[in-house]
Amino acid sequence: MINRLFIVFLMLVLTIIGGCGSKEKNSVPGKDEVMTVTLQPLTTNLLYAGTVQPLKAIVVTTPAEGVVEDMAFHYGDVVKAQQPLFIITSGKFQTDYKNALMQYVKAKTDFINNESLFKEGEFLHKNQLISDDDYKGKKTNYFTAQLGLIQAKDVLTTMMKQLDIKGFNFEELTVTDIDKISSLLHQQEGSQKIHIVSPAAGIVLLAAKEDSDLSVKISKGSQVKQGDMLAMIGDVSGLSIHISVNEFNINQLKVGQKVKVTGTAFSQFVLEGQIAGIDRQAQVAQGGVPVFAVEIVVPKLTPAQQAVIHVGMSAKVQIDIAGPPVVSIPFAAVYAKNNMPYVRMQDRNSHKIIEVSVKTGQTTEDTVVIESPLKAGDKIVVPH
């Protein structure tokens with residue numbers, strides 16, 4: 001069947017060129033070229049569509065529910081690390097802040113008391129005035145209070161970083177500093193405002209909607225809940241693309257395999273990338289066909305490429321799969337005779353040029369696979 005299709009195709013090509021090749025071969029035989037047949041890997045090109053994504057992305061979330069009061073950027077802006085992004089007004093955060101402050105003061109008081117009792121216990125135990133069990137109890141209480149203070153300090157430190165309260169060292173507070181504690185508790189306006197900064201340098205992107213390919217655009221006045229994604233900070237020094245590969249091709253891919261990335265909007269560039277990750281569990285795509293998610297990464301973009309290629313652009317990924325070596329010869333070396341494909345080759349014994357019927361296989365743009373009887377080392381005639 002393959003031979004018949006190939007013959008029909010070959011006859012059409014010969015009809016179009018009007019038999020010029022054979023006439024030139026007869027009239028100027030000196031221009032024919034003798035070529036040695038070699039084994040060549042047959043390369044298959046797998047093509048996939050995807051969307052340009054940042055190389056990496058850090059999610060920016062809100063620590064408490066509230067309302068977005070201000071935004072110091074526009075989506076798509078390039079920002080630096082620690083650059084202000086959002087101000088969120090949150091009554092709940094104010095309550096949480098007050099609780100964290102009081103918990104810290106209480107934990108510090110407990111620690112100071114237990115530290116004093118532990119030192120006293122060391123003296124008494126050294127002089128055999130208390131039992132081993134009493135000493136161990138005081139020691140345990142001291143370390144427990146120390147851990148409680150560390151935890152309370154960590155919670156309050158995290159909250160203080162996001163508040164507009166400056167010029168005060170809360171670590172100096174003790175339970176006797178009633179006026180200072182009262183002052184901190186009643187900073188109503190400052191303790192309601194959460195200041196969120198960029199965790200890294202990059203480009204500010206829309207946050208992805210949970211369990212969806214859609215994005216969420218936060219704006220002034222938006223109500224947010226604790227843990228909601230506000231934005232993503234994308235690293236655009238390179239790019240990533242996610243593609244879906246069917247079950248028939250997935251085993252031909254491996255991590256580290258080279259790929260080429262192109263795009264309609266950046267057709268002047270051919271980007272060199274690689275496969276960075278392959279899911280080993282399939283998902284069911286439309287039509288019920290199992291597909292596997294594959295991550296493609298282009299680790300570095302030049303400044304010129306960064307100026308043209310933007311997140312969200314469409315892209316094409318080409319993966320070249322090299323098959324086993326086969327006998328592949330130029331298409332021009334094959335001609336039709338008696339509805340069969342033939343080649344002219346040098347006889348292996350007499351070295352005379354003879355005609356040989358061949359069995360053809362897969363074809364490319366300018367080559368055809370010969371399944372038999374040609375072998376590596378044979379010499380064939382290729383007309384010009």
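This note goes through the predicted model point by point, from overall confidence to two single residues.

1. **Confidence.** The model is predicted. Mean pLDDT for the protein chain is 83. Of its residues, 83% reach 70 or more. One stretch needs care: across residues 12-29 the pLDDT is below 50. Beyond near neighbours in sequence, that stretch has nine contacts in the model. Where pLDDT is low, the predicted coordinates should not be read in detail.

2. **Secondary structure.** The protein chain holds seven helices and 23 strands. Two of the helices, α3 and α4, come up again below. So does one of the strands, β17.

3. **Burial and surface.** The protein chain has 384 residues, and 35% of them count as buried. Its accessible surface comes to about 22900 Å². Carbon and sulfur atoms own 54% of that surface.

4. **The α3/α4 pair.** Helix α3 covers residues 91-126. Helix α4 covers residues 132-161. How do the two helices run relative to each other, parallel or antiparallel? Their axes come within 7 Å and cross at roughly 155 degrees. Angles over 145 degrees count as roughly antiparallel, so α3 is roughly antiparallel to α4. The crossing of α3 past α4 is left-handed.

5. **Ala107, in α3.** Ala107 sits in helix α3. Is Ala107 buried or exposed? Ala107 counts as buried because its relative accessibility is 6%, and the cut-off for buried is under 20%. Leaving out residues up to four places away in sequence, Ala107 touches Ala145, Gly148, Leu149 and Ala152. Leu147 is 40 residues from Ala107 in sequence. In space, the C-alpha atoms of Ala107 and Leu147 are 9.1 Å apart.

6. **Ser328, in β17.** Strand β17 spans residues 314-330 and includes Ser328. Ser328 has a relative accessible area of 16%. That is under the 20% cut-off, so Ser328 is buried. Which residues does Ser328 touch, not counting those up to four places away in sequence? The partners are Thr38, Thr367, Val368 and Val369.

7. **Points to keep.** Ala107 in α3 and Ser328 in β17 can be inspected in turn. Ala107 is buried at 6% relative accessibility. Ser328 is buried at 16% relative accessible area. Residues 12-29, with pLDDT below 50, call for caution.

How values were computed:
Residues are numbered from 1 along each chain as its sequence is written. This is a predicted model: local features need pLDDT of at least 70, side-chain atom pairs count only at pLDDT 80 or more; totals for chains, interfaces and linings use all residues. Side-chain values use heavy atoms; hydrogens and water are left out. Helices (H or I, at least four residues) and strands (E, at least two) are DSSP runs, numbered from the N terminus. Buried means under 20% relative accessible area, exposed over 50%, partly exposed in between (1.4 Å probe, protein chains only). Contact means heavy atoms within 4.5 Å. pLDDT is the predictor's confidence in each residue, from 0 to 100. Accessible areas come from the Shrake-Rupley method with a 1.4 Å probe; for residues, only the protein chains shown count as cover. Axes are lines fitted to C-alpha atoms, for helices over the stretch in contact, and angles run from 0 to 180 degrees between N-to-C directions. Angles under 35 degrees count as roughly parallel, over 145 as roughly antiparallel, 65 to 115 as roughly perpendicular and the rest as oblique. A crossing is left-handed if the near helix is turned anticlockwise from the far one by less than a right angle, and right-handed if clockwise.
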